[in-house]
Each structure stands twice: as C-alpha cells, then as structure tokens.
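My notes follow the structure.

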Amino acid sequence: MKVDRVQVQFGKRKVLHDITAEAQPGCLTGILGPNGSGKTTLLRAMGGLQRIESGCITLDDREVSKMRARQRAACIGVVPQRFRADVPFSVAEIVAMGTTQQKAIANALEVCELGPHANQPFPSLSVGQQQRVVIARALAQVHSPGVLLLDEPLAALDLKHALSVLELLRDRAKQGDRVILSLHDLGVASACCDQVWLLHEGRLVQAGTPDEVLSEEQLREVFSADFERIQRRDGREWIVPMGA
C-alpha cells in the first residue's frame, strides 16, 4: 500500500501535509506520534473513509478511493478507535457482518478468544471484549493477503489480551498481510513493529525500522520528553520515557 503526497484538510485547516510512505506485505507497521499528529486521519484515508485533498493512496496499483465499497472491504479491514456499543446484535452477528464465509467467521471468533461469547449481546461485553469483536470482524472480512488498519487496537485491552492481539497481528503479517496500526506505546513499537512511521503536526518525520526512526534525539523533538533504551532479555530494545 502506497501513500503518495497525501494532503487532507478539514475546512481551511490542513491536517496531513504531503505524506509519502509505503507499507510492505508481511510487515507490521506502527504509526506513532503525539495526540493530534494525524494518525487517525491517515488510517481513515488509507481505508477509503476520509476524502483526501490531493495525492493518491494505492493498493497493488489500484487507487483506494476509486474502489467499489464491496471490493475495498474484501481487501482492506478497518478497526476504528471507537465502535458503537449499543448495536442490537450478538457477537457472532457482528463478526459475520464482514463476510458470509462461515469458516472465516469461526476462525476469527477462535483466534480472538470469543467462542464462548458468540451468542452474547454485544452491548453486554466489556470494552476490551468489544474491541476484540471489532478486530475479529476485520479478520473475517479481509481476504488474505490484504490490509488491516487498526486505530489504537490495544488501548482498551488488558495485558493478556493486548499481547494476544499483538501475536495475532504479527501472525497475519507473516502470512503476507499489510498490518498497520496506530500506537501510543513506543516500547511496543520498538519491540514488535517491523516498520514505523513517525508523525508530528500532520507531517511524516521519518519512516523506517524502529532502530532508524526511534532515536532518543528525534523522539525528544517530537514528544518534548526524554527517552531511554532498555535492553530486554531477548536482546531487543524497549524505549521508555526517562524515569519510567
């Protein structure tokens, strides 16, 4: 998926400035940046849900904005930061909204650990469980290899399920999907992402590997805070704010 000189405006206010980046198949890509840096807007534009002022977003040389809705849904799954909690459907019914393939529905319920809740009303679930339902819907919907766009998918999850979802997303990437998610946790990004895009005030500061992009100096400039690298037992580095 290629983002080429994309600009987005809300009224007279420009919120994305000439963003150019590429998400490769088989990669877990993290979009990072302070609040208001444009992460959600960029994800919505990539999913064909946000009109762009100029530039182009393509998937395998097909312009996303010109795809028919059904065609786009089959290859691009979007997990929003917020989902209506009052919908009068069961867990299984919501997961099935993206596809008629029973095998894909059953598999998504299983990998998101939702089988025991399949017949429960969606509003009766916890926020974290609801988030896993929306992720399961996207997994069932997208024909692999495809694109998964997730806006802060770990925010409402406890540690156990956050780690489970991260493992699931990494597995989907290994199968050839392009998995792109916005994150606030720089430690997770540095340890788990193959690529990161760092945004600041609607501009792309840098795209590359975590080691290339997440330098202490660059993070200090973007987040106005000091960071340090901690060596993990597995040899990978974890980036945390100073004093954390």
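I looked up confidence by element first: strand β12 (residues 237-241) has the lowest mean pLDDT, 80, and strand β9 (residues 195-200) the highest, 98. pLDDT is the predictor's confidence in each residue, from 0 to 100. Strands (E, at least two residues) and helices (H or I, at least four) are DSSP runs, numbered from the N terminus. The chain averages a pLDDT of 92, and 99% of the residues score at least 70.

I noted the ground rules: this is a predicted model, where local features need pLDDT of at least 70, side-chain atom pairs count only at pLDDT 80 or more, and totals for chains, interfaces and linings use all residues. Residues are numbered from 1 along each chain as its sequence is written, and side-chain values use heavy atoms, with hydrogens and water left out.

Next I checked a sheet. Four strands form an open antiparallel sheet in the order β2-β1-β4-β5; two strands pair if DSSP finds at least two bridges between them. Its edge strands, β2 (13-22) and β5 (62-63), each pair on one side only. I found six bridges between β1 (residues 2-10) and β2, which run antiparallel. Val 8 has Leu 16 in β2 as its bridge partner.

Which element gives the largest share of the lining of the largest pocket? It is β2, with four residues. The elements that give two or more residues to this lining are β2 and α1 (39-46).
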